[in-house]
Amino acid sequence: MNPVLTVSGVSKAFHLHLHGGKRLPVVEGVDFAVHPGECVVLGGPSGAGKASILKAIYGNYVVQSGSILIDHGEAVTDIVTAAPGAIIALRRHAMGYVSQFLRC
């Protein structure tokens, strides 16, 4: 069975524009796949980049390299290169995201 999510070689960094454009690497070379029915955990210490990976999968963060493939039954879409409208359609029909800072 094909994975529903494949993350390959994903790297994310932030550029601190108020500090002379200093580059702050967050994650580098992230690789994993999630198959239908599988339960996975992104584990690690605070500041390891777990939330950044999830935000990249959801399309909120732009990554510097790699691919994030979502198999939504009809096609496979790479979040890294997808148009904004395609990402919105995926959010509407194929994936969800709950922030760690959920406010009630």
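The lining of the largest pocket divides into 19 nonpolar, 8 polar and 2 charged residues; here Ala, Val, Leu, Ile, Met, Phe, Trp, Tyr, Cys and Pro count as nonpolar, Asp, Glu, Lys and Arg as charged, and the others, Gly among them, as polar. This is a predicted model, where local features need pLDDT of at least 70 and side-chain atom pairs pLDDT 80 or more, while totals for chains, interfaces and linings use all residues. Residues are numbered from 1 along each chain as its sequence is written, and side-chain values use heavy atoms, without hydrogens or water.

The volume of the largest pocket is about 670 Å³. Of its 29 lining residues, Leu42, Lys50, Leu54, Ile57 and Tyr97 are the closest to the centre. A pocket is an open set of points on a 1 Å grid over the protein atoms alone, where a 1.4 Å probe fits, with protein on both sides within 12 Å along at least five of seven lines; lining residues have an atom within 4 Å of a point. The volume is the space filled by probe spheres set on the points, which are joined across faces, edges and corners.

Which helix gives the most to this lining? Helix 1 does, with 6 residues. Helices are DSSP runs of H or I, at least four residues, and strands runs of E, at least two, numbered from the N terminus.

Now aspartate 78, in strand 4. Aspartate 78 is buried, meaning under 20% relative accessible area with a 1.4 Å probe, protein chains only.

Conventions. Buried means under 20% relative accessible area, exposed over 50%, partly exposed in between (1.4 Å probe, protein chains only). Lys and Arg count as positive and Asp and Glu as negative; His and the chain ends are not counted. A salt bridge is a side-chain nitrogen of Lys or Arg within 4 Å of a carboxyl oxygen of Asp or Glu.
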